[in-house]
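Please open the model in your viewer and have the selection tool ready. We will go from the whole chain down to single residues.

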Amino acid sequence: MPYKDPEVQKRYDREKYQRNKEKIKKRSKVRYHANPEKSLQANLEWHRNNRERYNAYHREWRKKQTEEQIARNSKMSREWCRKNAGKIRAKVRLYQKQNPEKTIAHAAVRAALYVGFLVRPKVCDICGKPCKPHAHHADYSKMLEVTWPCPRCHKLLHIAKKTPSRKSEQPR
Ligand SMILES: [Zn+2]
Ligand SMILES: [Zn+2]
């Protein structure tokens with residue numbers, strides 16, 4: 001099966017994928033439900049190992065999006081949210097039930113912001129990027145002790161929290 005020309009190989013793979021799209025989708029769905037924890041871990045692992053490649057691809061993809069496509073996508077996701085409002089609410093409730101400590105801490109931050117006890121800065125604590133930073137709890141029991149990372153830094157914080165020893169960051 002392997003072709004010498006990578007372009008030809010790519011085209012072959014793409015065509016093969018298109019032909020078997022439904023089957024592949026179904027299979028990966030089954031695999032995911034068999035062991036969601038493991039699938040997510042594998043996915044995270046893949047992204048970690050291919051971060052640069054993925055980012056470059058995504059950057060290109062974003063650049064190629066026309067205004068029209070962007071508008072259409074956001075309209076579609078708005079509509080999806082409207083149609084699935086009940087589903088989303090149920091998900092939120094479940095999350096709150098499973099994470100009472102986090103839920104209380106988040107509510108406390110919201111209240112503190114509302115009365116002006118906390119003030120959301122305009123830049124990220126970590127990288128300094130101007131944005132609307134998230135409130136991040138290092139310890140949810142200290143409800144009003146938060147730092148203010150941007151969405152991106154926030155995500156990385158939580159990934160780092162989940163996997164304290166990353167292969168690439170271990171001393172050589
Ligand atoms: Zn940041
Ligand atoms: Zn956080």
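The tour below starts with the overall picture and then moves from stop to stop.

**Before you click**

This is a predicted model, in which local features need pLDDT of at least 70, side-chain atom pairs count only at pLDDT 80 or more, and totals for chains, interfaces and linings use all residues. Residues are numbered from 1 along each chain as its sequence is written, while chains are lettered from A and ligands numbered from 1 in the order in which they are written.

**Stop 1: the whole chain**

Show the cartoon: the chain has eight helices and two strands, where helices (H or I, at least four residues) and strands (E, at least two) are DSSP runs numbered from the N terminus. Their order from the N terminus is α-α-α-α-α-α-α-β-β-α. The radius of gyration, taken over C-alpha atoms, is 21 Å, well over the 16 Å that the globule rule gives for 172 residues, so the chain is more spread out than a compact globule. That rule is 2.2 Å times the number of residues to the power 0.38. Along the principal axes, the C-alpha atoms fill a box of roughly 65 × 50 × 40 Å.

Of the 172 residues, 6% count as buried. A residue is buried if 20 or more other C-beta atoms, placed from the backbone, lie within 10 Å of its own, exposed if 12 or fewer, and partly exposed in between.

**Stop 2: colour by confidence**

Now colour by pLDDT, the predictor's confidence in each residue, from 0 to 100. The chain has a mean of 89, with 94% of its residues at 70 or more. Over residues 168-172 the pLDDT is below 50, and this stretch has one contact in the model beyond near neighbours in sequence; a contact means C-beta atoms, placed from the backbone, within 7 Å. Where pLDDT is low, the predicted coordinates should not be read in detail. Among the elements, helix H3 (residues 36-49) has the lowest mean, 84, and strand E2 (residues 146-147) the highest, 97.

**Stop 3**

Select helix H4 (residues 51-64). Its 14 residues should span 20 Å at 1.5 Å a residue, and its end C-alpha atoms are 20 Å apart, which agrees; the expected span is 1.5 Å times one less than the number of residues. None of the residues of H4 is buried.

**Stop 4: the core**

Which residues make up the largest nonpolar core? Select Ala105, Val109, Cys124, Ala135, Val146, Trp148, Cys150 and Cys153. Such a core is a set of buried Ala, Val, Leu, Ile, Met, Phe, Trp, Tyr and Cys residues joined through C-beta atoms within 7 Å. Beyond its neighbours within four places in sequence, Ala105 is in contact with His137, Tyr140 and Met143.

**Stop 5**

- Ile126 sits in the loop between H7 and strand E1 (136-137). It touches Pro149 and Cys153, not counting residues up to four places away in sequence.
- Thr103 is in helix H7 (residues 100-115). Thr103 counts as partly exposed because it has 16 C-beta neighbours inside 10 Å.

Note on methods. Two residues are in contact if their C-beta atoms, placed from the backbone, lie within 7 Å.
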